[in-house]
Amino acid sequence: MTAAESATGPVPAPPTGSVRPPAVRRLLHITEEQTAALVDEDLALDAARAAFAATVDGPVFPGLALHGSDPRNRFTLKPSASATHAGVKIGTYWPGNAEHGLPRHHSTLLLFDQTIGRVAAVLELGAANAYRTAAADALAVDLLARADAGTLAVFGTGHQAAYEVAAVTRIRPIGEVLIVGRTAERAEQMSAALAAAGHIARGVSAEEACARADVIVTATTARADTPPLFEAAWVRPGTHISCMGADAPGKRELPPELFSRARVFCDLPEQARRMGESQHSPAETVLIPLGEVLTHHVTGRIDDSDITVFDSSGIGVQDLYLGLALLKKMDISL
């Protein structure tokens, strides 16, 4: 008697003439080190273009923002599907990881075997997820910012900020990067790191950043129980703003008054109103899916004086297409 028979009783033979079930493939595990070595801005931007184009006619599912036994530890679930693949990304934010010398953020993508519904591949995407987020910003800048935009202001000095700078400066001829941090010291540290990477960068106040910027990127963990990062009146006509930080209920970076002055774009309106920056917008605010602009169904910037806002709460289809692009680069197909 086999171990399976002793534990559960005899295993019945398949009925005569039945179709043999498909073989279960070996679980594929792509490590953090592998994906971090493969990803770059071009791969991430190409994947973002494909993902946002797919949102026009394909399914797009809203994500869930949750927390673990310790409310400080948060995670998101972002499901996704295309005509050929499906999966779910689990993104984690464990602030205590800094005490262990580990990044606070991590992401894991599970891809399903479409034949039998089991997980076929696990991709660790900690670094790649930062590229993915910044690529959505770069796509929005490409579609919505003025063609002559030359000054970039970044609110935030944390994990994501440098990726945003790298992505945006590939899309527009940025001559100067202005950094706004919680403290002048953190802004100067970030500026020095960017200068070492070849950018002209300096720390400034929030008001000066808004007064000078053609493109503003917010990449913070700011919440609605604290003041907005800047005042609406400080934003010049013609500015584009990419809001990258609000991805859960209760988060907020922008002054709500700005919505009445802006044309507002997002990844998924349903999700943006629930957990993106637009959760704080007036009910009458029109949210335009960025995919509609990418596929020329809707005009993005109409006039050079427009203020445009991109509300990026993050959708699973971005992770799906990024994961598939990484597998393709490794010459792996599912």
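Student: Which residues in H4 meet which residues in H5?

Tutor: On the H4 side they're Ala127, Ala130, Tyr131, Thr133, Ala134, Asp137, Ala138 and Val141, and they meet Tyr163, Glu164, Ala167 and Val168 in H5. Contact here means heavy atoms within 4.5 Å. By class, that contact has nine nonpolar, one polar and two charged residues. Keep in mind this is a predicted model, where local features need pLDDT of at least 70, side-chain atom pairs need 80 or more, and totals for chains, interfaces and linings use all residues. Residues are numbered from 1 along each chain as its sequence is written, and side-chain values use heavy atoms, with hydrogens and water left out.

Student: Why is H4 called oblique to H5?

Tutor: The axes of H4 (residues 126–144) and H5 (residues 161–168) come within 8 Å and cross at roughly 45°. Angles under 35 degrees are roughly parallel, over 145 roughly antiparallel, 65 to 115 roughly perpendicular, and the rest oblique. So H4 is oblique to H5. The crossing is right-handed, meaning the near helix is turned clockwise from the far one by less than a right angle.

Student: How much of the protein chain is buried?

Tutor: Buried residues (under 20% relative accessible area, 1.4 Å probe, protein chains only) make up 48% of the 334.

Note on methods: Axes fitted to C-alpha atoms, helices over the stretch in contact; angles between N-to-C directions. Helix = DSSP H or I, 4+ residues; strand = E, 2+ residues; numbered from the N terminus. Nonpolar A, V, L, I, M, F, W, Y, C, P; charged D, E, K, R; others polar. Buried < 20%, exposed > 50% of the residue type's maximum accessible area, 1.4 Å probe, protein only.
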